[in-house]
Structures are given as structure tokens and as C-alpha cells.
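Here is a short tour to read alongside the model on your screen. Take it one topic at a time, and keep the viewer open as you go.

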Amino acid sequence: MADGAPGKIPAPHIEYAQLSPTLIVLGAAVVGIVIEAFVPRRHRYYSQLLLTVVALAAAFAAVIGLAAGGFGSAKAHIAAMGALAVDGPALFLQGTILLVSLVAVFTFAERRLDPAAHGKHVDSFAAQPAAVPGGAAEQAAVKAGFTTTEVFPIALFAVGGMLVFPAANDLLTLFIALEVFSLPLYILCALARRQRLLSQEAAVKYFLLGAFSSAFLLFGVALLYGYAGTVTYAGIAEVISDGAKQIDPALAGTMGNDALLLIGAALVLMGLLFKVGAVPFHMWTPDVYQGAPTPVTGFMAAATKVAAFGALLRLLYVVLPGMRWDWQPVMWGVAIITMLGGAIVAITQTDIKRLLAYSSIAHAGFILAGVIATSEEGISSVLFYLAAYSFVTLGAFAVVTLVRDAGGEATQLSKWAGLGRRSPLVAAVFAVFLLAFAGIPLTSGFAGKFAVFKAAAQSGAGWLVVVGVLSSAIAAFFYIRVIVLMFFQEPKADGPTVAVPSPLTTTAIAIGVAVTLVLGLAPQYFLDLAGQAGVFVR
């Protein structure tokens, strides 16, 4: 540079092709907002559905292309100027999130379950979300046959955040991704067509508790920055392992302070464990799962867990491997109380959605057993379990949307008595999902539990596996109880009916059953795939 010449600001180097899955989804979300603004109301539903399905399919194709190009193994590296990792775990988790989201969109688009309002098909979402429940504006919207097609771009924004979350390679990107996918979920939870007050209460609880967890995470980020002088994962890991080689004078007084490291790491972990739904950060789960529209509950229960566990794995394995002896005992405790707490409290539930919520808490504990393994087998077993669990969850909640009475979905367990005689096929499909949750052999749940327990046992966490098996036995009780209720009790005369869904929900349920059986009967290929994707780039 010549003397006196103004200095040039270097342009950022962004690898757009390697970030294409996320860019496709977020671009489609923006186009979806434009459709809401300019396309006539009668055309929006089909436009949004087509755009969303095409975007998610294209993003999944981009993930496959990156994996085929070697970015999951030999070419794995840090992209976007150090902000995002393109490696095996990131691509595997992104592919899982995109497939789960694609199936979830089919349940979002279902319009055959509720009786037609004023001659027009309606979906699970409020006709006019901004209107006061039961007010004149809502009644006018219902009469006009409005449907809330904004849910499609909102869901795409959530998916975009979820794709970044497990790939984030610095703490600020992690926080931004957390907010990008959390805020749309808060909105989606409040949009139920029936029981709107319960839905809005669920959204407020989720928002308030989510805001607290975000604050904890952000405060943890600040403390870790004070400790290491950087927010990048590699930089923090280097300071933990080697000490600060080049101390920033402005931070010399705090860098290397172990108190900042321990408290900061604990706060960041708290924020992630909240999203995972682990005890004692689980209190939002049953209320939100019960109050949210059931398609949203299924999407949230499946996709959010995949994204959150991906971020947790990367944090523990890339940033904090040097603190293993500090965080492992804590995670042991969290895993044990999560497995036992979720399984025991689920026994007392009388609502099917709350029962599945406590089931998801117990499953978070099972997955944590794989996380604690701190080995490549641990990573691959968690990846496989997340893929298997997410499709079972989606399928189960899709079935819940079909069982209806005059008030909408019949979620009280007592109303499911004799369902196997009223509708044998629906009851049999739900029984398959329940058996998978219970970890019965020949289902994906058994293969997933076997993988995580084996990885935990090989790493020396034998007692954790014993607690996991006991928790699985407790959990099997309430899953089998629902099956007995459906098949071995007389149906009530005023019992619910099973709605005939459109091909969209039928496809979602069929995919759930197919994945459950394929991963249970022939899991080896997918276990190998998860094994190949089990190495983080550092």
C-alpha cells in the first residue's frame, strides 16, 4: 500500500456453495413473506406449500451434494470466516433436520381433519391469530374461511436457524442461530385454531422461559470471552489446553481465570440443556407440547432436539474436551435425573400430548448417555438416535391429530379406550411408534438405545447404562398401558372418531412407520453412515 493511500477494508470471504442449504431455506422464507404480501389470499396456500416443499427438498439435495463432494470427511473445514463448520456431524444433522421438516410441513398443510367452516377447508391454525379469541374479528375471519398461510415462511425461518445451530463454530453465531429458530417457534406455538387461550398460554410460557435460558447462554458467552479473549471454538479450546500464548493487553487481567471458564461453560450448557429439555430445565416441555398446535408440537419435538443436541455435542467435544473431568460428572447427574424423572412422571399423565412430552424428556436423558461417552462411537450413536427418534416423534404426533371429538383433538387418554376396535389401522400404527419409544427389538428405538448404551458402556459409564435400562423398563410400562387401553378395552359409545386425513398426513405417518421399521430391521447401513459422519473439524 502506497504511503498516504487510504487503507482498504478487506471483503469477507464467504463460501456460498458450502452454505447453500441454509441460504436456500432462508431465501425461500423471505420469498414466502413476499408471497404473503402480494399474492391473492386464495392462491397463497398452494404457493406457500409448493415453495416450502421445493426449498426443503433443494436444501436436502445440497446437503447430499456437499457430502458426496467430500465435505463431510476429507474436505471438512471451517467456512464463513470461522463462523460455521462444514463437516460430517453438521451435514448429517442438517440432512436430518431438513427431512424431518419436510415431513412436518405435510402435517402443517393438512386441511381435511376439521369439518369445513362455511364451506371452506380449514387447517390446525387460527384463522386470524392477531384477533381476540372468540371476538368479532375472529368470527368474521372464520366465516370468511381464512387460513394462516404465514406458518410456512415462519417454519422456514425456524429451520434456517436450526441448520446453523449445530454447525456454529463460534459462540456469537451459536446465540444468533438460537434466536433465529426460537422466535418463530414462540409464534407458531400460539396459533392453534382450537383452545386458543391454552395455545397462547403455552407460547407465553415458552417465550418467558426461553428468554431466561437465552440470557443465561449469553452471559456464559460473555464470561468465556473474558476467559479466552475470543469467542471462536478453536480459540477457547486452545486457551483451555495450552494457556494464553498471546495475551490481549485489554484482557490480561481476566484471561486464564478458571472461575470465568467454569461459570461461563456452565451457563452456556444451561442454555443448551433448556433447548434439549433435560431435567431440571424441562418445565416448559409438557405445557408447551400440550398447548401448541399438534403439527407444531411434532415439528418442535423432532427438529429442535436434533439441532440442540448437535450444538451440545460440538460444544463439549470441540470447545471443552480439556475440561472433560469437570463437565462429565455434572452431565452424569443431569442424564440420570432426566431419564428417571421423565419416565416416572410420565406414568401419572392422563393427556396423550403431555405423556409424549415426558417421554421426550426421558429420551433426552438416553441421548445424553451417548454424549457423555466422549468418543467417536458416542458421536455416531447420538447422530443415529436423533435421526431415528425424530421420525418416530413426528409420526406419533401426526396420529394424535387424527383422533377427534366435537372439541377437536381428543387428547385425554381415557378417550382412546377401544380405539383398536374403532380404527384398527390407526391404533396399530400408533402402537408401532409406542413400541419404538419403548425400545422394543425390531424397531428403530431399540437400535438407537443399543447404540448409545453400548458407547456409554465402552467409555466406562456402566452405571449410567444400568440406570438407562431401568428407566427404559419404567417407560415401557406406560407405553404398553396405552396399547392395552387401545386394544383390550371396550370403546365408549360417545368416544372419539378417527378423521380420514388427506394424502399429506397419510404420507407423513407412512414415512414415520417406514423409517421406524427400516432402522429397526436393517440399521447397519445407517449406523455406518453416522459413524462416517462422526468426526468434528477443529
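Ser213 sits in helix α7, which spans residues 196-228; keep in mind that this is a predicted model. Is Ser213 buried or exposed? Its relative accessible area is 5%, under the 20% cut-off, so Ser213 is buried.

**Around Ser213**
- The side chain of Ser213 reaches the backbone oxygen of Gly210 at a distance of 2.9 Å.
- Beyond its neighbours within four places in sequence, Ser213 is in contact with Gly271 and Phe274.

**The nonpolar core**
- The largest nonpolar core holds 189 residues.
- Helix α11 (residues 294-319) gives this core its largest share, 18 residues.
- Which residues have the most contacts inside the core? They are Phe108, Phe165, Leu368 and Phe430.
- Phe430 is worth a click: setting aside neighbours within four places in sequence, Phe430 touches Ile352, Ala396, Val399, Val400, Trp416, Val482 and Met486.
- As a general point, nonpolar side chains tend to be buried together in soluble globular proteins.

**Cavities**
- Searching the whole structure turns up five cavities of 30 Å³ or more.
- Two or more lining residues come from each of α1 (20-38), β2 (84-86), α3 (88-108) and α5 (151-164).
- By type, the lining of the largest cavity has 10 nonpolar residues, three polar ones and no charged ones.

**Backbone features to look at**
- Most residues other than glycine have a negative phi, and most peptide bonds are trans.
- The peptide bond from Val279 to Pro280 is cis, with omega near 5°.
- You will find Pro280 in the loop between α9 (258-276) and α10 (284-291).
- Ala80 has a positive phi, near 55°, and belongs to the loop between β1 (77-79) and β2.
- With a relative accessibility of 12%, Ala80 falls under the 20% cut-off and therefore counts as buried.
- Leu442 also has a positive phi, near 75°, and lies in the loop between α16 (424-438) and α17 (444-458).
- Is Leu442 buried or exposed? Its relative accessible area is 56%, over the 50% cut-off, so Leu442 is exposed.

How values were computed: Residues numbered from 1 in each chain as written. Predicted model: local features only at pLDDT ≥ 70, side-chain atom pairs only at ≥ 80, totals over all residues. Heavy atoms only, no water. Core = buried A, V, L, I, M, F, W, Y, C linked by side-chain atoms within 4.5 Å. Buried < 20%, exposed > 50% of the residue type's maximum accessible area, 1.4 Å probe, protein only. Helix = DSSP H or I, 4+ residues; strand = E, 2+ residues; numbered from the N terminus. Contact = heavy atoms within 4.5 Å. Polar contact = N/O pair within 3.5 Å; in protein donor to acceptor, adjacent residues only side chain to side chain. 1 Å grid on protein atoms, 1.4 Å probe; cavity = no way out; pocket = protein on both sides within 12 Å on 5 of 7 lines; lining within 4 Å. Points joined across faces, edges and corners; volume = space filled by probe spheres on them. Nonpolar A, V, L, I, M, F, W, Y, C, P; charged D, E, K, R; others polar.
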